[in-house]
Amino acid sequence: MIQRLTITCLGLLLLSCSKRDPVREVRIPEVDFELTSCGQANYPEWSTSPYVLPYPVGKSYNIGLTHCSSSFHADGEPDQFAVDFDMSIGTLVTAARAGRVIHIEESGQDGNFPNNLVVVQHSDNTFAQYMHLTQNGAIVELNDLVVQGDSIGFSGSTGLAGYPHLHFIVTGGGWTFPYLGLPVNFRNTTPNPTRLTSGIMYRAEPY
């Protein structure tokens, strides 16, 4: 059964992608985010998705756990719509979508806690979360405006990570756990209408 969570908030609408521009606070309209199971997920058209792969053009990485696969990514879990990109420690991570950096944690050591991450808020009040970054691995600073493809940080193996990888998830209505994961796909790679496939390597194409 689909439950509906209605979020009304005061947020920041991105009116410019320049970090030097003044910040203007505006009211984000009411948005309905659905608590959706894997079988009921409604994906956007992949070729026009607002998201690109979270690494530089020309790079290719293998997919570990993906949407609705197993373990913490299983149906009904907060991370059911998360994707794990297999990356060695120190791999460059880039912005999948433009937004504002609203949270950074980078004090954790690889193989230990806390979970290092960067959270970027988008203009529609969704949040991209880039997790398991290496210690002191954030390139951005709080309140930075990032454009798609900007450097975010360096991957690692902090928090609940059994091996080095980037855990990427988009959430709606908030970013703190247990969050509401949203189904997303990526326009700058081979067709992925419903999700990236575990065990497949995806190359980031120009966009």
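Trainee: Why is Glu205 called partly exposed?

Mentor: Glu205 has 32% relative accessibility. Buried means under 20% relative accessible area, exposed over 50%, and partly exposed in between (1.4 Å probe, protein chains only), so Glu205 counts as partly exposed. This is a predicted model, where local features need pLDDT of at least 70, side-chain atom pairs count only at pLDDT 80 or more, and totals for chains, interfaces and linings use all residues. Residues are numbered from 1 along each chain as its sequence is written, and side-chain values use heavy atoms, leaving out hydrogens and water.

Trainee: What makes Arg203 and Glu205 a salt bridge?

Mentor: Their closest N and O atoms are 3.5 Å apart. The rule asks for a side-chain nitrogen of Lys or Arg within 4 Å of a carboxyl oxygen of Asp or Glu, so Arg203 and Glu205 form a salt bridge. Arg203, at 42% relative accessibility, is therefore partly exposed.

Trainee: How many salt bridges does this rule give?

Mentor: The count is 2. Arg97 and Asp124 also meet in a salt bridge, at 3.2 Å from N to O. Arg97 lies in the loop between β5 (92-94) and β6, and Asp124 in the loop between β7 (117-121) and β8 (126-131), 27 residues apart.

Trainee: Is Arg97 buried or exposed?

Mentor: Arg97 has a relative accessible area of 14%, so Arg97 is buried. Asp124, at 29%, is partly exposed.

Trainee: What makes β6 and β10 a pair?

Mentor: Strands, which are DSSP runs of E of at least two residues numbered from the N terminus, pair if DSSP finds at least two bridges between them. Antiparallel strands β6 (residues 99-105) and β10 are joined by 2 bridges, so they pair. Gly99 has Val146 in β10 as its bridge partner.

Note on methods: Helices (H or I, at least four residues) and strands (E, at least two) are DSSP runs, numbered from the N terminus.
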